[in-house]
Amino acid sequence: MEVSYDEAKRILNEWIKSDALLKHSFGVETAMRAYAKKYGEDEESWAIVGLLHDLDYEKHPTKEEHPFKAAEYLKSIDFPPFMIKAILSHASYTNVPRETLLEKTLFAVDELVGFLFACAYVQPDKSFRSVKAESVKKKLKDKAFARSVNREEIREGAETLGIDLLEHIEFVRKALSENEEKLGFGKI
Ligand SMILES: [Fe+2]
């Protein structure tokens, strides 16, 4: 099935009500769009994968069900298999290998977007523009900060993409800052 961005957004809103998870989904979409442009890949399909990667997380947050329930549902509505595989592969415990650039990128941006959100929230203006990539890199070592974010996955993600960690942080930070009003940031 050919799937449109609008349809993906409709599905997202059907499954997810939590403001935080919706924001995360749009944040990952933003990063995926930026990398799709950089790599000359199909922006819309990368955006859709970013948008829907945590589709079932609100209803089925356990490792037994997430992201398997999302994959099951997307398969039932004839979603393109490459998108479903990418979504499955973003969780390491599924043991679905990350082989394509799409899969590697999704994994590389997911936790980093969460970490950058936390970094922007503590800025007085709540803006990604006030976040410095250097200090983000340093903050990764502060275990008390944004504790739920998996640092190892951020490092592994950049490595798998073959990008320097600082460069990766700055690339995603910039992408988020360019879309921050839509994401609900930058408001004092
Ligand atoms: Fe995620």
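Contact here means heavy atoms within 4.5 Å. With that meaning I opened my notes on this predicted model.

**Entry 1: a histidine in a loop**

I looked up histidine 60 and found its place in the loop between helix 3 and helix 4. Leaving out residues up to four places away in sequence, histidine 60 touches Trp15, Glu65, His66 and Lys69. Is histidine 60 buried or exposed? The cut-off for buried is under 20% relative accessible area. Histidine 60 has 19% relative accessibility, so it counts as buried. I also took the separation between the C-alpha atoms of histidine 60 and lysine 187, which is 32 Å for two residues 127 apart along the chain.

**Entry 2: a cis peptide bond**

One of the residues touched by histidine 60 is His66. I noted that a cis peptide bond joins histidine 66 and proline 67, with omega at about 0 degrees. Proline 67 lies in the loop between helix 3 and helix 4. For context, I wrote down that most peptide bonds are trans.

**Entry 3: the whole chain**

I then turned to the overall fold. How many helices and strands does the protein chain have? I counted nine helices and zero strands. The pattern along the sequence reads α-α-α-α-α-α-α-α-α. The radius of gyration is 16 Å, close to the 16 Å that the globule rule gives for 188 residues, so the protein chain is as compact as a globular protein of that length. Along the principal axes, the C-alpha atoms fill a box of roughly 45 × 35 × 35 Å.

I looked next at contacts between residues at least 6 apart in sequence, and 66% of these join residues at least 24 apart. Buried residues account for 51% of the 188 residues. The accessible surface of the protein chain is about 9300 Å², and carbon and sulfur atoms hold 52% of that surface. For the charges, I recorded 29 positive and 34 negative side chains, with the centres of the two sets 6 Å apart.

**Entry 4: the nonpolar core**

Nonpolar side chains tend to be buried together in soluble globular proteins. Which residues touch the most other members of the largest nonpolar core? In this core of 61 residues, they are Leu52, Phe79, Phe115, Leu116 and Val172. Helix 6, residues 101-121, gives the most to this core, with twelve residues.

Setting aside its neighbours within four places in sequence, leucine 116 is in contact with Phe128, Val131, Val136, Ile169, Val172, Arg173 and Leu176.

**Entry 5: an enclosed helix**

Why is helix 3 described as largely enclosed by the rest of the structure? Helix 3 spans residues 43-52, and eight of its ten residues are buried, so the rest of the structure largely encloses this helix. The buried residues are Ser45, Trp46, Ala47, Ile48, Val49, Gly50, Leu51 and Leu52. Their cover includes helix 1 (5-15), helix 2 (19-39), helix 4 (68-76), helix 5 (81-89) and helix 6.

Most residues other than glycine have a negative phi. Lysine 126 is not a glycine, yet its phi is positive at about 50 degrees. Lysine 126 is found in the loop between helix 6 and helix 7. With 34% relative accessibility, lysine 126 counts as partly exposed.

Alanine 146 is also not a glycine, and its phi is positive at about 45 degrees. Alanine 146 lies in the loop between helix 7 and helix 8 (151-161).

Aspartate 142 is found in the loop between helix 7 and helix 8. At 36% relative accessibility, aspartate 142 counts as partly exposed.

Where is lysine 137 placed? I found lysine 137 in helix 7, residues 133-139. Lysine 137 counts as partly exposed, at 36% relative accessibility. Apart from neighbours within four places in sequence, lysine 137 is in contact with Leu165, Leu166 and Ile169.

Methods: Residues are numbered from 1 along each chain as its sequence is written. This is a predicted model: local features need pLDDT of at least 70, side-chain atom pairs count only at pLDDT 80 or more; totals for chains, interfaces and linings use all residues. Side-chain values use heavy atoms; hydrogens and water are left out. Helices (H or I, at least four residues) and strands (E, at least two) are DSSP runs, numbered from the N terminus. The radius of gyration is taken over C-alpha atoms; the globule rule is 2.2 Å times the number of residues to the power 0.38. Buried means under 20% relative accessible area, exposed over 50%, partly exposed in between (1.4 Å probe, protein chains only). Accessible areas come from the Shrake-Rupley method with a 1.4 Å probe; for residues, only the protein chains shown count as cover. Lys and Arg count as positive and Asp and Glu as negative; His and the chain ends are not counted. The place of a charge is taken as NZ of Lys, CZ of Arg, CG of Asp or CD of Glu. A nonpolar core is a set of buried Ala, Val, Leu, Ile, Met, Phe, Trp, Tyr and Cys residues joined through side-chain atoms within 4.5 Å.
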